[in-house]
Amino acid sequence: MAQDEKILANVLEIFRLNPQHKYRVDELEHLTRRDHIANFTQLIKTLTTLEQKKEIMTDGQGQYKLAPVNREVDGNFRANDKGFGFVRLDDEDADDVFIGADHTKFALDGDRVHVKIIPNGNPWNGKGPEGEVVEILERGAENIVGQFVPLTDKEVKRTGYWGYVEPTNAKLQKYKVYIDQKGLQPQLKDMVKVSVSRFPNADFPTSLVGTVVLIIGNKNDPGVDIMSIVVDHDIRTDWPDEAMEQANAIPDHVTEAEQAGREDITDQPAVTIDGDDSKDFDDAVVCWKLPNGNYHLGVHIADVAHYVKENSPLDQEAFARGNSTYLVDRVIPMLPFRLSNGICSLNEGVNRLVLSCDMEITPSGERVNYRIHPSLMRSHGRLTYNKVNAALDPDNDTPLEEKYVKLRPMLQTMAELHEILYKQRHARGAIDFEEPEAKIIVDDQGKPTDIVLRRRGTAEKMIESFMLIANETVAEDFYKQHVPFLYRVHETPEGEKMHAFFDFISALGVTAKADPNNVKPLDLQRIVTKTQGTPEEAVIQMVMLRSLKQAHYSEQPLGHFGLAAKFYTHFTSPIRRYSDLMVHRMIHAYADEGKGEKVQAHFKSELPNVAEQTSTQERRSVDTEREVNDLKMTEYMADKVGQHFDAVVSSVTSFGMFVQLPNMVEGLIHISNLNDDFYSFNERSLTLTGRGTHKVYKVGMPIRVKLIRANVEQHQLDFEIYDPKAKKRQQLKRHFDRYNNNFNHNRNGRQNRQHHGNYRGGNYRRRKK
């Protein structure tokens, strides 16, 4: 920060701390001189600048005060467990508004609030605006999940409450939710869902009242921990009777009537390639070389829209769920298992209805022809990633099943095509991140027994390539037909975040020849390529990911930045994503009903709501999956407190740093546990630097750590730096300090006794004895 900007920031901060106070010039001069902010000349110049920029105002009599802010905004309140919070505004580019503990109007985390801005932000030091909550517009949580604690019979009679619930949400832990006698009566340590009837207010600032509407189970019963998280995130698990009746009425086989009007491709050797434990198979692929040297790629996707008709009970429930949620020990499906694992799943050896995307691709990766049409297919093999990778490995000596031997030539052709498609994507600038996946293994009681790392092989990447080009093909086709459609979009990152990212990598010695205000995918891909295999690779990819926007669904074709794709949609997973089901429904409608004004008007009105719901439910599932993983990883580490681990610094903040172990487990080294020095945080370089030792901790730095605490209920792991040499030095220092203290104490004691006379008291008597 330049000197002038620093003075502007500090002087404005004086006004912001006391927004109603009127300051005289001599008063300001005293404050700025006392705090070594500015001299008198600099102060006058700064006051003139702030007045010109309408940050402060004068009464014409030599007094100045902060300019009033007549601005009110709406946003979502994010609480801090210390009482204060921030409001995230609807405008993504706007700064969050700080809300002091006395100005929250008892808003809870997640509430939608109306806020009055008190002082604006300070543009010279980066501090955002401050405000006070004027009104709570909408409660973020009408239901709360937690552990029940009963009251005594005497207290129940006196209060009218069965007991109270301790919320599992860390942001709500200071509150008690008292349970009225209108609903279910839980028992000690039951995990329950509470419908809140009274929220905190001036009379009861730390308590709520509600009715138990669901008893999830006793805290110590297997699976209740995961289901508590599922319920807390409002993931739907129960099926309405009407939806189940509709599902059960659907035949478990393809009927002869359903085959009419479909191309029969049952003779094509299409296969599914999925994980070892997959049960629902959305997609099948087939590939062969054409006489002209090009490749034929067929991507055949389960025709779920044929069975799930618009506005039917199944459709309404699938829309509400938005997608399937995949947890460590279970899947919460978007569709009932009769469909997801049965008639819609492309199981081996049975006929299934599909929507096909057949493409012709040149050896340079250019798609020169395609058809999107309904088909009847039969899977010629339920293959797994592991075994396909083995079949493609020339050094593999393990005997293969007969079907893999038979299909190996086609698999090799697929691998060739994948390499072609990958190079084509890479050439246009698609950003490829390669991160290992952590799979948590649990026993039949839900206890984690291992965390297994898995890196993607050719089979996984191959299927990804085929799904990507099918999604692009479908998106481009319907864009060019000028009809309403649903797109998967990933917008260009903000210039401010790119500025910060380029500054960060510059500090690591990596240069970026790109305009941060007009960054292209290829610019970032070059950085990824340049740092591959270097110690900085992981940290740069991590910070880059955090600098990008979040992908979502939209009725507007905004492109996909990360894939460097002009058109993109989700077409390939209709069993587990409502977005894909909607895409299939539109493909059918435009083919069967035409592209007339009525059909287009219908989808144009429906798509904004579908885009918002599918984006929201996707985030909800991701948050649930992440919280369950955090729980099970913490539980896995609970018996390892006191052990030492290799780790990498994954994030640095003002309150400490997060570290990641080789098994992808993450935890915090709080700044209070960095007790060898006083550390200051540099936001620009994301570093912590010791004032005395000048030791620097930065993202990506390998360190050795000791696990000191595992809080399973809060899913938190705490570590400290493990440095045996430093420990020894500290022990020696403490020993030396104790020696010096004792020596000085004894010496000072002798001097004091000589000064005051040591002939009295115990010392004299002891000498005589």
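A residue counts as buried when its relative accessible area is under 20%. Keep that cut-off in mind, and note that this is a predicted model.

**Stop 1: H418**

Select H418, in helix α10, residues 402-428. Is H418 buried or exposed? Its relative accessible area is 4%, so H418 is buried. Now show what surrounds the side chain. Beyond the neighbours within four places in sequence, H418 is in contact with T458, K461, M462, S465 and F466.

**Stop 2: the largest nonpolar core**

Nonpolar side chains tend to be buried together in soluble globular proteins. Here the largest nonpolar core has 84 residues. Which of them have the most contacts inside it? They are L339 and F466. Colour helix α11, residues 458-480. Helix α11 gives the most to this core, with 10 residues.

Next, centre on L339. Leaving out neighbours within four places in sequence, L339 is in contact with A247, I250, Y307, V308, L314, C344 and S345. Another core lies apart from the largest one. This other core has 52 residues, including F502, Y636, Y697 and L717.

**Stop 3: the cysteines**

Go back to C344, one of the contacts of L339. C344 is buried, because its relative accessibility is 3%. A disulfide needs the two sulfur atoms within 2.5 Å.

Select C357 next. C357 is buried too, with a relative accessible area of 0%. For C357, the nearest cysteine sulfur is that of C287, at 13 Å, and C357 is in no disulfide. By this rule the model has zero disulfides.

**Stop 4: S573**

Jump to S573, in the loop between β26 (552-554) and α15 (578-592). S573 counts as buried, because its relative accessibility is 5%. Display its contacts. Not counting residues up to four places away in sequence, S573 touches D282, I301 and D580.

**Stop 5: the second largest pocket**

Select E435, P436, R455, A538 and Q660 together. Of the 21 residues that line the second largest pocket, these are the closest to its centre. How much space lies in this pocket? About 470 Å³.

Colour α14 (537-547) and β27 (644-653). Each supplies at least two residues of the lining of this pocket. The largest share, six residues, comes from α14. Now colour the lining by class: 13 residues are nonpolar, four are polar and four are charged.

**Stop 6: the cavity**

How many cavities of 30 Å³ or more does the structure hold? One. About 60 Å³ of space lies in the largest cavity. To find the largest cavity, select its lining: D234, I235, R236, R321, N323, T325, I332, P333, Q617 and S621. By class, this lining has three nonpolar, four polar and three charged residues.

Conventions
Residues are numbered from 1 along each chain as its sequence is written. This is a predicted model: local features need pLDDT of at least 70, side-chain atom pairs count only at pLDDT 80 or more; totals for chains, interfaces and linings use all residues. Side-chain values use heavy atoms; hydrogens and water are left out. A nonpolar core is a set of buried Ala, Val, Leu, Ile, Met, Phe, Trp, Tyr and Cys residues joined through side-chain atoms within 4.5 Å. Buried means under 20% relative accessible area, exposed over 50%, partly exposed in between (1.4 Å probe, protein chains only). Helices (H or I, at least four residues) and strands (E, at least two) are DSSP runs, numbered from the N terminus. Contact means heavy atoms within 4.5 Å. On a 1 Å grid over the protein atoms alone, a cavity is a set of points where a 1.4 Å probe fits but cannot get out, and a pocket is an open set with protein on both sides within 12 Å along at least five of seven lines; lining residues have an atom within 4 Å of a point. Grid points are joined across faces, edges and corners, and a volume is the space filled by probe spheres set on the points. Ala, Val, Leu, Ile, Met, Phe, Trp, Tyr, Cys and Pro count as nonpolar, Asp, Glu, Lys and Arg as charged, and the others, Gly among them, as polar.
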